[in-house]
Amino acid sequence: MYTVDQKAREGDHIDWVKLSKDDEQRRKDLRHLLAAGEVRTGNDYYHAAMIFQHGQNPDDYLLAHVLAMDAVAQGSKEARWLSAATLDRYLLSIWQPQVFGTQFDGGYGFGPMTHDRINPEIVSDSMRTATCVVSSAQQQKTLETVNHGGSFGSTQLKEQCK
C-alpha cells in the first residue's frame with residue numbers, strides 16, 4: 001500500500017484528482033487494518049504514518065504523528081524524521097506554527113517557496129538532529145537554492161538516520 005502511495009507521486013504528469021481518490025481509499029483501507037490489529041511492526045506503523053501524512057485534514061495528520069511515534073517506539077529509525085514532519089504538518093493544519101521546519105510552501109510556478117510559519121524558539125538544531133531533520137541553516141539554504149532555480153532538497157538527514 002505504501003509503495004503505491006509513494007510511486008503515484010513521482011513523475012511530471014501527476015493526475016491529482018485520481019491520486020486524491022486513491023489516497024482516500026488507501027486511508028480507508030488502512031483504518032480497517034488498524035481497527036483489526038493488522039498493523040503490528042515498526043515498519044508497518046512507519047508506512048501507515050506516511051499514508052496518513054498525505055491526508056486531507058488535521059485528524060489525518062494527527063493520526064500520522066501517532067503512528068510515526070509508534071514506529072519510533074518499536075525501533076524504526078527512519079520514522080524519527082516522519083515523527084517531526086507529521087507534527088509540523090498537524091500544527092500548520094490547525095493554524096499553529098511548525099516547530100521542526102520540515103514544511104515549505106509555494107514554488108514550482110506559484111511564486112517563491114517560503115518556509116511555512118515556524119516558531120524557532122521551541123526546537124533547537126540538536127533536537128532537529130535527534131529527529132533526523134536538517135538544521136535551520138540548511139533549511140534556509142534549501143529555500144535559497146529552490147528560489148534561484150535549483151532543486152528542492154529534503155529536510156531529512158539521511159545518512160545517520162537509517
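Modeller: The side chain of Thr-131 has a polar atom 3.2 Å from the backbone oxygen of Met-127. I call that a polar contact: N or O atoms within 3.5 Å, where within protein one must be able to donate a hydrogen and the other to accept it, and residues adjacent in sequence count only if both atoms are side-chain atoms. Keep in mind that this is a predicted model, where local features need pLDDT of at least 70, side-chain atom pairs count only at pLDDT 80 or more, and totals for chains, interfaces and linings use all residues. Residues are numbered from 1 along each chain as its sequence is written, and side-chain values use heavy atoms, with hydrogens and water left out.

Colleague: Where is Thr-131 found?

Modeller: Thr-131 is in the loop between α6 (125–130) and α7 (136–147). Helices here are DSSP runs of H or I with at least four residues, strands are runs of E with at least two, and both are numbered from the N terminus.

Colleague: Is Thr-131 buried or exposed?

Modeller: Buried, with a relative accessible area of 16%. The cut-offs are under 20% for buried, over 50% for exposed and partly exposed in between, using a 1.4 Å probe and protein chains only.

Colleague: And what does Thr-131 touch?

Modeller: Leaving out residues up to four places away in sequence, Thr-131 touches Arg-80, Trp-81, Ala-84 and Phe-100. Contact means heavy atoms within 4.5 Å.

Colleague: What about Cys-132, what's its phi?

Modeller: Near 65 degrees, which is positive in a residue other than glycine. Cys-132 is in the loop between α6 and α7, and is buried at 0% relative accessibility.

Colleague: Let's switch to α5. How many residues does it have?

Modeller: Helix α5 (residues 79–93) has 15, and it reaches 21 Å from its first C-alpha to its last, close to the 21 Å expected. That expected span is 1.5 Å times one less than the number of residues.

Colleague: How many of those 15 residues are buried?

Modeller: Eleven, so α5 is mostly covered. Among them are Trp-81, Leu-82, Tyr-90 and Leu-91. The cover over the buried residues of α5 includes α3 (42–53) and α4 (58–73).

Colleague: What follows α5?

Modeller: Trp-95, with a positive phi near 65 degrees. Trp-95 is in the loop between α5 and β1 (104–105), and counts as exposed at 68% relative accessibility.

Colleague: New topic: how many salt bridges does the structure hold?

Modeller: Seven. A salt bridge is a side-chain nitrogen of Lys or Arg within 4 Å of a carboxyl oxygen of Asp or Glu.

Colleague: Which residues are linked in a network of salt bridges?

Modeller: Glu-24, Arg-27, Arg-31 and Asp-60. Within that group, Arg-27 pairs with Glu-24 at 2.7 Å between the closest N and O atoms. Arg-27 and Glu-24 are three residues apart in helix α2, about one turn of the helix. Arg-27 also forms a salt bridge with Asp-60, with 3.5 Å between the closest N and O atoms. That pair links distant parts of the chain, since Arg-27 is in helix α2 and Asp-60 in helix α4, 33 residues apart.

Colleague: Are Arg-27 and Asp-60 buried or exposed?

Modeller: Arg-27 is buried at 0% relative accessibility, and Asp-60 is buried with a relative accessible area of 3%. Glu-24 is partly exposed at 39%.
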